[in-house]
Amino acid sequence: MNKIRQNFRRFLQDFYLVLIMLFLYAPIATMVVLSFNSSKSRTQWGGFTLQWYTQMFASRNIMAALQNTLLIAFLSALIATIIGTAASIAISSMKQIHQTIVMGITNIPMLNADIV
């Protein structure tokens, strides 16, 4: 009886995980599929096309925005990596009590959403 209960609980956990993933990724998959639709309507399939992508890549404003976005993303990732590496080296060289205090303070922003 205990084995059946464990299997049922495992099934419910897996089903819950699949349901969450479905709600998270189904809208994204829908938008990807509809981006290749030649019709402007979301309810009627007009055939496969790359028309919307050619228009997007032909636009100077969109390409400038993409360039700025990629530049900001690269620079922020580089700066965050440098700061994070320096901070981890500094924290690992601290005494245990100071290390515990700093780790507690740095974890506050992550816990803030749960507390609120």
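A residue counts as partly exposed when its relative accessible area falls between the buried range, under 20%, and the exposed range, over 50%. In this predicted model, Y53 has a relative accessibility of 29% and therefore belongs to the partly exposed class. F36, with a relative accessible area of 23%, is likewise partly exposed.

F36 and Y53 form a tilted aromatic pair, with 5.2 Å from centre to centre and 35° between the planes. F36 sits in the loop between α1 and α2, whereas Y53 belongs to helix α2 (51–58), so their pairing ties together parts that lie 17 residues apart in sequence.

The structure holds three aromatic pairs. One of them joins F11 and F15, whose rings are stacked at 6.2 Å centre to centre, with 20° between the planes. The planes count as stacked because the angle between them is under 30 degrees. F11 and F15 are four residues apart in helix α1, which means that about one helical turn separates them. F15 has a relative accessible area of 46% and is therefore partly exposed.

Helix α1 spans residues 2–34 and includes L24. L24 contributes to a nonpolar surface patch of about 800 Å², which is made by Y16, L17, I20, M21, L24, Y25, I28 and V32.

Notes:
Residues numbered from 1 in each chain as written. Predicted model: local features only at pLDDT ≥ 70, side-chain atom pairs only at ≥ 80, totals over all residues. Heavy atoms only, no water. Patch = residues over 30% accessible without salt bridge, like charges linked within 9 Å, V, L, I, M, F, W, Y side chains within 5 Å. Areas by Shrake-Rupley, 256 points an atom, 1.4 Å probe, with all protein chains shown as cover. Salt bridge = Lys/Arg side-chain N within 4 Å of Asp/Glu carboxyl O. Helix = DSSP H or I, 4+ residues; strand = E, 2+ residues; numbered from the N terminus. Phe/Tyr/Trp six-rings, centres within 6.5 Å; stacked < 30°, edge-to-face > 60°. Buried < 20%, exposed > 50% of the residue type's maximum accessible area, 1.4 Å probe, protein only.
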